[in-house]
Structure formats: structure tokens, C-alpha cells
Amino acid sequence: MNKKIKLIMNIVIGIVGLAFLLMLIYMITSFEYAGREKEDPLPTDLSVFEYKLKHKAYNEILSTYYAQRLSELSAPEGYEDMFHVAEYTHAAFMSEIYSTKGDAGKIAANASKRETIKKTLGKYAYITDEVDDMLK
Amino acid sequence: MTCKNCKHTLGPEDLKCPKCGAENPFALQHAQNMQQHEGEFSKTEKEVEAATISIKEIGTRAVIIIALLIGSIVMYMISVHNYADPHPEVAVQKDAVKNAAAYADEMDGYLRAGDYMEFMNFVYGHDIQFVNADAYDRFYYIQPVAKDYYECIKHLEYMILRSDDPDYFDSLNTNISNFCMYFDSFCETTKNAKTREKNEEYQKFITDMEEEIRCALMGYCSMDDEAFETFMGLSQAKKAVELERILRHE
């Protein structure tokens with residue numbers, strides 16, 4: 001009887017010891033994340049951004065942009081290009097409204113804003129033509 | 001006790017009579033009994049000893065198991081605490097209260113520039129709760145209008161700038177539905193704000209937002225003044241049907 005109890009306890013010690021080791025590793029790796037001020041960026045979204053661009057789904061780029069702006073005042077790391085594209089798209093969209101409204105001040109301010117954003121687009125500069133075409 | 005042979009007095013442990021050498025049956029029986037008892041005593045002693053050792057070993061093992069379990073639980077709790085998502089919103093909200101006067105002035109700047117979308121982006125980005133600071137009181141009536149304006153423009157953008165790929169996910173109906181809901185809300189909040197807002201400058205901003213929504217619909221949905229007025233008179237569901245007809249070019 002005693003031998004059986006000892007055997008069972010030895011097995012339990014083995015299992016708990018293993019769990020202890022795993023927890024130790026889990027805890028050691030967790031210190032890397034301790035005291036973060038912001039959540040980690042999701043780099044996987046970049047490929048999704050390219051996919052959306054490929055399909056001219058600017059609505060979805062804007063959707064991601066607005067969702068980000070709910071908690072971010074500026075582009076988080078890795079999202080800079082997406083922010084610039086979305087900002088240009090929004091500015092282009094608003095230009096039509098200001099034109100219909102006939103607000104010369106806003107038209108001029110919007111045109112200036114678009115030119116500024118264009119300079120930040122880099123390899124995505126081609127989207128300006130695409131967006132302008134879609135808004136015609 | 002005496003010897004049966006010579007009647008000499010015998011001790012209880014004298015196996016033989018020291019005088020005649022005759023055997024003492026009582027002492028022999030006694031010696032046998034003692035031998036048997038000693039064997040039994042020794043056996044019991046060993047059993048007790050074994051049981052004591054066994055309890056000690058089991059106790060040691062139990063202590064090891066408990067220590068390992070407590071250690072594992074403590075480490076798990078530390079890890080969960082370290083991996084937990086941060087809550088920056090609490091600090092952001094405190095910041096919005098602390099800098100309420102400066103932020104309210106900045107918000108006025110966006111309104112004066114006519115950038116109502118950026119006004120709302122600023123509100124959301126700073127997680128401004130309008131009831132938390134007196135400096136935000138002046139936005140009491142204009143803020144709901146700006147919020148609905150923001151939603152209307154946002155959903156109109158989603159509708160106009162959708163992918164032209166027929167195989168791509170089509171969210172037009174959802175966006176139309178959302179737009180119509182926010183458009184009706186915008187009309188309601190605008191009407192309310194116009195009658196209650198005392199600040200003349202803000203009155204102008206409200207009228208400006210109203211005008212821009214009208215221009216957005218006219219510009220992007222090919223409506224003239226008459227069509228817009230008719231559209232305004234439709235129910236929410238009929239507005240959605242009308243927008244779908246226009247945007248799908250049916």
C-alpha cells in the first residue's frame with residue numbers, strides 16, 4: 001500500500017515539477033512585457049494593407065484608420081503608410097464637398113493639405129490618381 | 001519453586017537444578033515463551049519503524065508537492081500580471097481632465113478651421129469625457145452634432161470609396177444602413193442644437209456641418225436641391241433603398 005502511495009506521489013511530484021519549470025519559463029519571458037504603456041503593434045496588418053490597396057478597397061483602409069484614431073493621436077509604429085494613404089483619401093473626399101459648397105477658403109486649405117500629404121506617400125504616391133479617379 | 005528430584009530451591013530462570021542437574025520444566029517453558037515473545041516484539045518493532053519511515057517519506061513528498069504547487073501558482077500570477085494588456089485609457093482620461101482648458105481651445109481651433117472630422121478625432125484620441133471638466137461644457141450641444149457629422153461622412157466615404165472588384169467583400173448595404181441611421185440622428189441633433197445653442201459662433205459651425213452633409217449627398221449621390229429635399233422626407237428604410245439605387249446605378 002505504502003509503495004503504491006509513494007509511486008503515485010512520485011508521479012505527482014514529476015507532473016508538478018514539470019508545471020513548475022514551465023511556469024518558471026513563462027514567468028521569465030513575461031518580464032519582457034511588464035510595464036508596457038501601449039499594446040504591441042500588429043505587423044501582420046501591413047500585408048492586409050497591401051491587399052486592400054491591390055483591390056482599391058480604400059473604404060477599408062479608412063475604416064482601419066478611423067478605428068486607430070479612436071485611441072491614437074498619431075500613426076503607431078508600422079502604420080505610417082496606412083495613415084498617410086487614409087489621410088490623403090479623406091482629404092480628396094472632402095475636396096468634392098468643399099467644391100460643391102463653393103467654400104474657397106476650405107478648397108485652398110484642402111489643396112494645400114493634399115500636396116503636403118502627397119510628399120509623404122513615397123512608394124504609394126500612385127494612389128492619388130486612383131483615389132481621384134474613384135471620386136470623379 | 002523446588003526441584004522435583006532433590007527438593008532443592010530453584011530460581012525461575014534455572015533451566016537445570018544446580019544440585020542434581022535435573023531439568024526445570026517451568027524454566028524451560030518460560031524460556032520458550034520468552035523467545036517467542038521476543039520474536040513477536042522484534043517483528044512489531046520493525047513494523048512500527050517501517051510505518052514511521054513511510055509516513056516521514058510521504059510527508060516529505062507532500063511538502064514538495066505543496067511547495068511546487070504554490071511556486072507554480074505564484075509564478076503564473078506574476079506572468080499573467082506581466083502579460084496583461086496595459087490600460088493607457090485611464091492615464092489618457094486623467095490627461096484630458098488635467099489639460100482641459102488647453103484641449104478645449106485646441107478643439108475650438110478645429111471648429112474654426114471647419115475641420116469637424118479632426119475635431120472628433122481629437123475628442124476620441126484624447127478620450128475626452130465631456131462631463132469630466134467644466135472647460136468642455138461649451139461643447140455640450142455641438143459635440144453630438146459633430147459626432148453624427150463624423151459618422152455620416154465616415155460612412156459616406158466607405159460607400160463611395162469601396163472596391164470595384166466584384167469578387168471583393170461588398171459592405172455597401174451595411175454602410176448605407178449605418179449612414180441612414182446616423183443621417184437621421186444628425187438631422188435630429190442638429191434641430192435640437194440649433195434651438196438650444198446660445199453661442200453664435202457654434203451656431204454657425206452647426207449650420208456649416210449641415211451644409212457640408214447636404215453638399216456631400218448632392219456631390220456624391222447626384223442629387224439636386226429638389227432630390228435632396230425629397231430624400232430628407234423619406235423614412236430611414238426608404239432613404240437606404242434610394243441610396244442603394246443611386247450607388248449601384250440601378
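Residues are numbered from 1 along each chain as its sequence is written, chains are lettered from A and ligands numbered from 1 in the order in which they are written. Because the model is predicted, local features need pLDDT of at least 70 and side-chain atom pairs count only at pLDDT 80 or more, while totals for chains, interfaces and linings use all residues.

**Stop 1: chain B as a whole**

Select chain B and colour it by secondary structure. Chain B holds nine helices and zero strands; helices (H or I, at least four residues) and strands (E, at least two) are DSSP runs numbered from the N terminus. Of its 250 residues, 25% count as buried. A residue is buried if 20 or more other C-beta atoms lie within 10 Å of its own, exposed if 12 or fewer, and partly exposed in between, with C-beta atoms placed from the backbone. Two residues are in contact if their C-beta atoms, placed from the backbone, lie within 7 Å. Among contacts in chain B between residues at least 6 apart in sequence, 52% join residues at least 24 apart.

**Stop 2: the side of chain B that touches chain A**

Show both chains. Here 41 residues of chain B are in contact with 45 residues of chain A. On the chain B side, the elements that give two or more residues are helix 1 (25–83), helix 4 (116–125), helix 5 (142–160) and helix 7 (200–220). Helix 1 of chain B gives the most, with 16 residues. By class, this side of chain B has 21 nonpolar, ten polar and ten charged residues. Ala, Val, Leu, Ile, Met, Phe, Trp, Tyr, Cys and Pro count as nonpolar, Asp, Glu, Lys and Arg as charged, and the others, Gly among them, as polar.

**Stop 3: helix 5 and helix 6 of chain B**

Helix 5 and helix 6 of chain B pack at an angle of about 155 degrees with their axes 8 Å apart. Axes are lines fitted to C-alpha atoms, for helices over the stretch in contact, and angles run from 0 to 180 degrees between N-to-C directions. The two helices are therefore roughly antiparallel to each other; angles under 35 degrees count as roughly parallel, over 145 as roughly antiparallel, 65 to 115 as roughly perpendicular and the rest as oblique. The crossing of helix 5 past helix 6 in chain B is left-handed, a term used if the near helix is turned anticlockwise from the far one by less than a right angle, with right-handed used if clockwise.

To see the contact, show side chains including Tyr149(B), Cys152(B) and Leu156(B) from helix 5, and Phe179(B), Phe183(B) and Phe186(B) from helix 6. The contact residues divide into 15 nonpolar, six polar and two charged.

**Stop 4: helix 7 of chain B and beyond**

Move to helix 7 of chain B, which has 21 residues and reaches 30 Å from its first C-alpha to its last, close to the 30 Å expected. Among its buried residues are Phe205(B), Met209(B), Glu212(B) and Tyr220(B). What covers the buried residues of helix 7 includes helix 4 of chain A, together with helices of chain B such as helix 3 (100–112) and helix 8.

Next select Ser222(B), in the loop between helix 7 and helix 8 of chain B. Its phi is near 50 degrees, a positive value in a residue other than glycine. Most residues other than glycine have a negative phi. Ser222(B) is exposed, with 11 other C-beta atoms within 10 Å.

Continue to Glu229(B) in helix 8 (residues 225–233) of chain B. Glu229(B) counts as exposed, with 11 C-beta neighbours inside 10 Å. The C-alpha atoms of Glu229(B) and Arg214(B) are separated by 9.7 Å.

**Stop 5: helix 3 and helix 4 of chain A**

Finish on residues 58–69 and 80–101 of chain A, whose helix axes come within 9 Å and cross at roughly 115 degrees. Helix 3 and helix 4 of chain A are therefore roughly perpendicular. Residues in this contact include Tyr58(A) and Ile61(A) of helix 3, and Phe83(A) and His90(A) of helix 4. The contact has eight nonpolar, three polar and no charged residues.

Definitions and conventions. The expected span of a helix is 1.5 Å times one less than its number of residues.
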